[in-house]
Amino acid sequence: MTTAVACCQLAPQLGDLAANRELAGAAIADAAGQGAAIVVLPELMSSGYVFESQAEARALAEPPDGPAVTTWARLAADLDIVVVGGFCEAAGAEVFNSAALVDASGLRCVYRKAHLWDAEPRWFARGGAPPPVVATRHGRVAVMICYDLEFPEWVRLPALDGAQLLCAPVNWPAYPRPDGERPAEVVRVQADAAINRMFIAACDRIGPEGGVGWVGGSVIVDADGWPLAGGSTSEVQVTLLAECDLGAALDKRVSPNNDVLGDRRPELYRRVAGG
């Protein structure tokens, strides 16, 4: 049995919280109308991304029970779907680049980005907890954010915890690349999926903001590392939809005699984690 997974590639507006809620809500409803059971939104969908000060980030931050995540949870309940989206999280004196997973029962988890990109440490505190893996009615779903995907040790953790689908809100800044080459970010997601035999849905954004352009490379990848939808650059808002046989991620065999988790030799890798 397959599960329909959607990435809603959108253009949030920096600082316009109400407009971003409306944009995300319409996209979630549209994706569900197309049959999606799991919907992924971009990184910092609630607020926009290119802050100019910590004060600006703090002013746009919301707690998990704030308007953005509450709206996604209401839609998840009304439509009987799972939603994963990025939001600027207020947590006491700190601000985090976070993602929430909600389903028909409400808020299931909040993940705080552990690996902060470029200027992000100026605005955000680092998350200190591993990627959560949530048992949903469609399977076991993990959450992380953007730059986290570039750390193989981090991506391996949810695979070891039984994740079948990794949902990753991302904002991939556009950089020059050789003619004819695909975005490196997409290639890394394919590698992450293949070496862990785990589906990955990475939802990017579009819309220039603060002088930054974006790859627009949202992609849904199967457990063999092949794109099921997306993976090329785009400058338009689009909903990608792919039927995913999430049960395939439970089988870690890559040959009759090899298993990507069973063949590990952690005793040889201690230096990788030891720093």
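The model is predicted: local features need pLDDT of at least 70, side-chain atom pairs count only at pLDDT 80 or more, and totals for chains, interfaces and linings use all residues. Residues are numbered from 1 along each chain as its sequence is written, and side-chain values use heavy atoms, without hydrogens and water.

A pocket is an open set of points on a 1 Å grid over the protein atoms alone, where a 1.4 Å probe fits, with protein on both sides within 12 Å along at least five of seven lines; lining residues have an atom within 4 Å of a point. The lining comprises 16 residues, with Pro152, Glu153, Arg156, Val272 and Ala273 nearest the centre. Helix H5 (152-160) gives the most, six residues. Helices are DSSP runs (H or I, at least four residues) and strands likewise (E, at least two), numbered from the N terminus.

Helix H3 (67-79) has 13 residues and reaches 18 Å from first to last C-alpha, close to the 18 Å expected at 1.5 Å a residue (1.5 Å times one less than the number of residues). Trp72 and Leu75 are among its buried residues (under 20% relative accessible area, 1.4 Å probe, protein chains only). Just after H3, aspartate 80 takes a positive phi of about 55°.

Glutamate 62 lies in the loop between H2 (54-60) and H3. Glutamate 62 is buried without a salt bridge; arginine 21, the nearest side chain of opposite charge, is 4.1 Å away. A salt bridge needs a side-chain nitrogen of Lys or Arg within 4 Å of a carboxyl oxygen of Asp or Glu. Lys and Arg count as positive, Asp and Glu as negative; His and the chain ends are not counted.

How values were computed. Buried means under 20% relative accessible area, exposed over 50%, partly exposed in between (1.4 Å probe, protein chains only).
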